[in-house]
Amino acid sequence: MLSTPVVLIAFNRPHLARRTLAAIREAAPERVFLVADGPRADRPDDAALCAETRAVFDEIDWPCQVERKFSEVNLGVEGNVELGLDWVFSQVPEALVFEDDCTPDPSFFRFAEELLERYRDDPRVWQIAGNRHGVPTKLYKGDSYAFATWASVWGWATWGDRWQRHRAIFTRDHERRSATDAGDAPVRTRPAVPAPGTLVTRAGQRHFADAASSTDVVTHGWDKHWWLTVMSEGGLCIAPAGNLVVNGGFGADATHGYSPGREDDPAEPMDFPLKHPAQVALDVDVERELELHLNRVGGPAARLGRKLIKSPRLRRAARAAINSRPAKSAARVASRMTQRS
């Protein structure tokens with residue numbers, strides 16, 4: 001059985017929750033935290049879907065301690081995740097975290113657990129990611145992972161002290177103080193200013209500068225604010241050399257990430273024993289690829305394309321062109337040239 005606690009965050013997609021729960025069952029964690037958002041008042045189908053999703057959790061059939069945080073009202077993605085993790089890390093010192101659409105390969109559990117132990121007392125390391133975001137394997141130079149300024153939260157792990165440190169700086173509480181108060185606007189005790197050298201491309205610098213000043217919680221959600229804290233504190237995230245968690249949540253029922261025809265890379269099981277980087281330091285090549293990936297899927301051109309291109313067929317064609325080898329090579333060259341200039 002897996003000794004590290006596992007968190008499963010869900011809302012109204014029972015088919016995805018069941019698939020991810022099946023993967024968690026294989027690891028049989030000793031303690032499971034279930035975080036589920038409540039139905040939206042203006043969506044008549046939500047009540048039944050939320051109830052069906054929660055019923056999936058009754059299928060936990062291995063011996064374990066199960067903790068539940070089920071909201072009766074809709075908190076939204078931001079509130080459900082942040083308040084849910086506040087609750088989890090008030091009780092345990094570390095955990096693996098999955099949203100319902102992120103299905104782990106069995107090797108991710110061992111990978112995360114070994115690295116949680118290895119870097120538990122190293123305050124430079126803030127996160128262990130499970131998804132590779134398409135970074136070429138050759139850039140890892142034979143290592144099992146690399147250190148980057150940010151890394152995917154499509155299946156990830158962290159320590160309670162890092163999360164609590166973030167929340168002490170990013171104090172958003174999600175309380176509605178009036179009928180017109182959204183309750184989820186970004187709130188920081190000090191500005192998010194990336195430490196020198198943490199971002200290596202102009203595109204990455206622009207993206208996170210925009211995230212730091214924006215009140216748009218759809219484009220720049222809780223994950224961006226987590227990474228902003230990490231880079232402001234000069235921290236590092238672990239990016240895996242294999243795709244250990246597959247995101248299957250791009251369908252029409254996605255809250256923010258609806259992307260017709262988009263598919264994540266397939267799972268790539270991790271080999272053991274792990275081969276660790278020689279030092280705990282930013283890998284500039286891997287960081288560059290992650291920043292260029294972020295610009296491809298969330299930069300100004302990508303956001304404009306999603307507004308203008310409605311046809312699923314044309315979207316798939318545009319996505320294929322942007323992610324082609326020549327396009328990626330040109331982006332790498334351009335990023336190096338602008339950085340030197």
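Predicted model: local features only at pLDDT ≥ 70, side-chain atom pairs only at ≥ 80, totals over all residues.
Residues are numbered from 1 along each chain as its sequence is written, and side-chain values use heavy atoms, without hydrogens and water. Local features need pLDDT of at least 70 and side-chain atom pairs 80 or more, while totals for chains, interfaces and linings use all residues.

Helices (H or I, at least four residues) and strands (E, at least two) are DSSP runs, numbered from the N terminus. Strand S4 covers residues 94-99; five of its six residues are buried, so the rest of the structure largely encloses it. Buried means under 20% relative accessible area, with a 1.4 Å probe and protein chains only. Strands pair if DSSP finds at least two bridges between them. S4 pairs with strand S1 (residues 6-10) in the parallel sense over four bridges; there, glutamate 99 is the bridge partner of isoleucine 9. With strand S8 (residues 156-159), S4 runs antiparallel, again over four bridges, and alanine 95 stands opposite threonine 158.

The whole structure holds 15 aromatic pairs. Rings of Phe, Tyr and Trp (its six-membered ring) pair if their centres lie within 6.5 Å; planes under 30 degrees apart are stacked, over 60 edge-to-face, and the rest tilted. Phenylalanine 111 and tyrosine 145 make an edge-to-face pair, 6.2 Å centre to centre with 75° between the planes. Phenylalanine 111 lies in helix H4 (residues 106-118) and tyrosine 145 in strand S7 (residues 145-148), 34 residues apart. Phenylalanine 111 has a relative accessible area of 0%, and tyrosine 145 one of 1%. Tyrosine 145 also pairs edge-to-face with phenylalanine 147, because their centres are 5.7 Å apart and their planes at 85°. Ring pairs link these residues into a cluster that also includes Phe98.

Notes:
Buried < 20%, exposed > 50% of the residue type's maximum accessible area, 1.4 Å probe, protein only.
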